[in-house]
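Here is a short tour of one protein chain, with a few stops inside it. Please have the viewer ready and follow along.

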Amino acid sequence: MSRALKGALCALSLCLVAGTALAVQADDAVVSAARMLDVRTGRMLQNVSVVVRDGHIEKVVQGGDAGSVGEGLPHYDLGDMTLLPGLIDMHVHLDSDPTYGGYTGLQFNDRFWSVLAVAHAQRTLQAGFTTVRNVGSDAWNDIGLNQAIEAGKLTGPRIVGAGYAIGATGGHCDSTFFPPSMNQKGPYNVDSPEEGRKSVRTMHKYGAQVIKICATGGVFSHGDEPGAQQLTLAEMTAIADEAHMASIKVAAHAHGASGIKDAIRAGIDTIEHASLIDDEGIRMARQHGTWLSMDIYNTDYTQAEGKKNGVLEDNLRKDREIADIQRENFRKAHAAGAKMIFGTDAGVYPHGDNARQFAVMVRYGMKPVEAIQAATANAADALGRKDVGVIEQGRWADMIAVPGDPTQDVTLLQSVPFVMKGGEVVKDARATAR
């Protein structure tokens with residue numbers, strides 16, 4: 001064989017090897033672990049390997065040699081760990097920081113909060129929450145942040161953003177801490193069904209993927225009480241109809257019993273907080289298939305740290321008064337078979353501590369696996385999404401892993417050492433070197 005022919009064959013061989021290497025994408029991998037939780041059934045599967053191609057789950061294989069499942073792909077052998085879907089928090093505020101309460105946040109420029117949202121998103125992802133629903137922000141912060149994450153400019157979870165929350169003039173979603181001379185008001189207040197429809201159209205125009213309304217008063221607003229209804233049935237019905245016409249779901253901040261029931265009658269998809277829900281409201285939620293998102297952890301933080309952080313005493317009073325009632329109503333709603341999802345109101349407490357709520361959900365009646373399902377399969381169903389929340393073929397390769405069995409000790413989820421989002425490992429803090 002001539003030297004020239006040998007050179008040509010060598011070059012061809014190098015090209016073929018290079019082509020094979022290029023065929024393996026950065027988000028291709030095999031992830032194997034001793035256990036994997038099937039969140040649909042609640043069963044723990046043994047000796048599982050997940051093949052990831054182009055950031056999505058290609059197949060899930062139980063048993064067999066993990067190395068042969070996805071030959072040639074990078075292999076993450078998690079050993080004696082439990083693999084779960086990336087967690088979903090259905091109620092966060094990424095541009096809020098709990099260390100600034102009451103009037104203390106006024107010392108900063110408006111864009112201060114936009115910048116903080118970047119760090120909060122990163123912290124949330126590192127905690128194992130690969131998808132969040134941001135139900136209300138200022139200055140379209142959640143929409144812009146999600147665009148930057150999707151464009152690969154920043155790291156963070158998948159964000160289902162609402163843009164601005166919609167509420168009544170003088171209500172919980174309005175700006176209620178200032179005198180008339182300062183002329184502060186929420187930019188998307190609605191005081192009629194027609195105004196409600198227009199605000200939904202505006203939110204949709206600028207990228208909202210969910211609509212957030214305030215049906216009742218709140219804890220951390222001024223001049224109202226959580227139980228008081230603030231939007232009428234007609235207003236909520238118009239908002240829900242307009243959103244559903246655009247295939248967008250609606251979340252209603254609703255503490256009070258009457259506001260909760262009118263929100264359910266209006267066709268609202270999820271009820272946030274649901275603190276003062278009564279027996280009729282629980283029955284209605286079951287009948288209509290309305291999801292309840294009850295943030296039963298954050299009072300632990302706000303009562304311990306709120307005064308130091310500048311939260312006004314009147315707000316702390318309201319927080320104290322409804323805390324135990326909300327938790328007992330969580331117990332009642334779960335026992336009655338209402339559909340429950342995991343929502344924490346992160347931003348009222350520090351971002352990244354989202355998983356602390358799991359233990360409180362178990363304390364008030366859920367089995368650990370039910371609390372996990374609320375933050376995975378149930379949350380995905382409530383979002384209407386089939387690409388997150390479950391480890392199965394075709395979904396995004398959003399996965400976490402923890403040592404031990406979180407269906408026996410749910411507090412394991414408070415410290416997640418391995419996080420993958422879309423096939424990319426964004427955290428690997430395992431103690432043993434690979």
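Is I400 buried or exposed? I400 is buried, because its relative accessible area is 0%; buried here means under 20% relative accessible area, exposed over 50% and partly exposed in between, with a 1.4 Å probe and protein chains only. This is a predicted model, in which local features need pLDDT of at least 70 and side-chain atom pairs count only at pLDDT 80 or more, while totals for chains, interfaces and linings use all residues. Residues are numbered from 1 along each chain as its sequence is written, and side-chain values use heavy atoms, with hydrogens and water left out.

I400 sits in strand β14, residues 399–403. Strands are DSSP runs of E with at least two residues, helices are runs of H or I with at least four, and both are numbered from the N terminus. Although 19 residues separate I400 from V419 in sequence, their C-alpha atoms are 4.5 Å apart in space.

Next, a sheet. Strands β6, β7 and β8 form an open, parallel sheet in that order, where two strands pair if DSSP finds at least two bridges between them. The edges are β6 (87–92) and β8 (158–161), each pairing on one side only. Between β7 (residues 129–134) and β8 there are four bridges, and N134 has G161 in β8 as its bridge partner.

The unreviewed UniProt entry lists residues 82–426 as "domain: Amidohydrolase-related"; such annotations may be inferred rather than shown by experiment. That stretch is 36% helix and 15% strand, with its end C-alpha atoms 17 Å apart.

On a 1 Å grid over the protein atoms alone, a cavity is a set of points where a 1.4 Å probe fits but cannot get out, a pocket is an open set with protein on both sides within 12 Å along at least five of seven lines, and lining residues have an atom within 4 Å of a point. A volume is the space filled by probe spheres set on the points.

| Space | Volume | Lining by class |
|---|---|---|
| Second largest pocket | about 310 Å³ | five nonpolar, four polar, five charged residues |
| Largest cavity | about 40 Å³ | four nonpolar, three polar, two charged residues |

In these classes, Ala, Val, Leu, Ile, Met, Phe, Trp, Tyr, Cys and Pro are nonpolar, Asp, Glu, Lys and Arg are charged, and the others, Gly among them, are polar.

The second largest pocket has 14 lining residues, with I149, G152, K421, G422 and E424 nearest its centre. Elements giving two or more residues to that lining are α4 (141–150) and β16 (424–428). A search of the whole structure finds one cavity of 30 Å³ or more. Residues lining the largest cavity include T130, D387, W396 and D398.
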